[in-house]
Amino acid sequence: MADEWLAASSKTERNKIFKRTGIRWSELLRLAYWDPTRSIVVDAMHNLFLNLVKFHIEHVVGMREAEKAVFPPATTEEMIVARKVWAKGVTKEQQLRKIKIPALLGLCTENDISLPTPEGRRVKRAVIIAALIVGVN
């Protein structure tokens with residue numbers, strides 16, 4: 001790889017190599033004994049506290065927990081507030097913005113409004129609100 005970087009004659013070529021390999025050039029790569037995969041200390045702060053391990057496992061390796069895509073059920077109080085707003089007649093997005101997502105999902109269920117299901121991810125608030133507004137009209 002070091003030879004490939006040395007052969008890159010322009011910044012554009014270096015960027016193409018970076019996009020393909022994920023590695024940027026370093027003078028340390030000229031050293032025959034330097035192996036970046038074995039010579040770098042794992043930094044606990046960046047890997048654990050900044051969620052780099054989580055990011056790597058979920059996005060690079062592709063392992064996600066199925067329950068992360070599911071919201072907890074709405075509380076009784078949240079549903080009471082949501083039903084009051086719904087009963088007044090929803091015409092604008094602003095009316096639904098303050099309602100918590102689990103309660104919005106509860107309104108969708110109660111009113112037989114179907115939502116798209118993105119794989120491994122949660123449904124976004126804007127999508128739920130748009131479906132509720134369309135469901136009213």
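Because 7 of its 10 residues are buried, helix 8 is largely enclosed by the rest of the structure.

A word on the model before going further. This is a predicted model, in which local features need pLDDT of at least 70 and side-chain atom pairs count only at pLDDT 80 or more, while totals for chains, interfaces and linings use all residues. Numbering starts from 1 along each chain as its sequence is written, and side-chain values use heavy atoms, with hydrogens and water left out.

As for the overall fold, the protein has 9 helices and 0 strands, which reads along the sequence as α-α-α-α-α-α-α-α-α. Helices (H or I, at least four residues) and strands (E, at least two) are DSSP runs, numbered from the N terminus. Of the 137 residues in the protein, 19% are buried. The accessible surface comes to about 10,600 Å², with 58% of it belonging to carbon and sulfur atoms; areas come from the Shrake-Rupley method with a 1.4 Å probe, and for residues only the protein chains shown count as cover. Taking contact as heavy atoms within 4.5 Å, 50% of the contacts between residues at least 6 apart in sequence join residues at least 24 apart.

Now to the interior. A nonpolar core is a set of buried Ala, Val, Leu, Ile, Met, Phe, Trp, Tyr and Cys residues joined through side-chain atoms within 4.5 Å. The largest one has 19 residues, and those with the most contacts inside it are Trp86, Leu96, Ile99, Leu104, Ile113, Ile128 and Leu132. At least two residues of this core come from each of helix 6 (76–88), helix 8 (101–110) and helix 9 (125–136). Isoleucine 113, for its part, touches Trp86, Cys108, Ala131, Leu132 and Gly135, once residues up to four places away in sequence are set aside.

Aspartate 112, in the loop between helix 8 and helix 9, takes a phi near 50 degrees, a positive value in a residue other than glycine. Most residues other than glycine have a negative phi. Aspartate 112 counts as exposed, because its relative accessibility is 72%.

The elements giving two or more residues to it are helix 4 (44–49) and helix 5 (52–61), and helix 5 gives the most, with 6 residues. Two patch members can be looked at individually. Methionine 45 sits in helix 4 and, at 42% relative accessibility, counts as partly exposed. Valine 53 belongs to helix 5 and is also partly exposed, at 33%. Leaving aside neighbours within four places in sequence, valine 53 is in contact with Asn47 and Leu48.

Finally, the charged pairs. A search of the whole structure finds 4 salt bridges, each being a side-chain nitrogen of Lys or Arg within 4 Å of a carboxyl oxygen of Asp or Glu. Among them is the pair of glutamate 78 and lysine 100, whose closest N and O atoms are 3.7 Å apart. This pair links distant parts of the chain, with glutamate 78 in helix 6 and lysine 100 in the loop between helix 7 (93–97) and helix 8, 22 residues apart. Another joins glutamate 93 to arginine 97, at 2.5 Å between the closest N and O atoms. These two are separated by about one helical turn, because they lie 4 residues apart in helix 7. Glutamate 93 is partly exposed at 38% relative accessibility, and arginine 97 is partly exposed at 34%. Glutamate 27 likewise forms a salt bridge with arginine 30, the closest N and O atoms being 2.7 Å apart; arginine 30 is exposed, with a relative accessible area of 51%.

Note on methods
Buried < 20%, exposed > 50% of the residue type's maximum accessible area, 1.4 Å probe, protein only.
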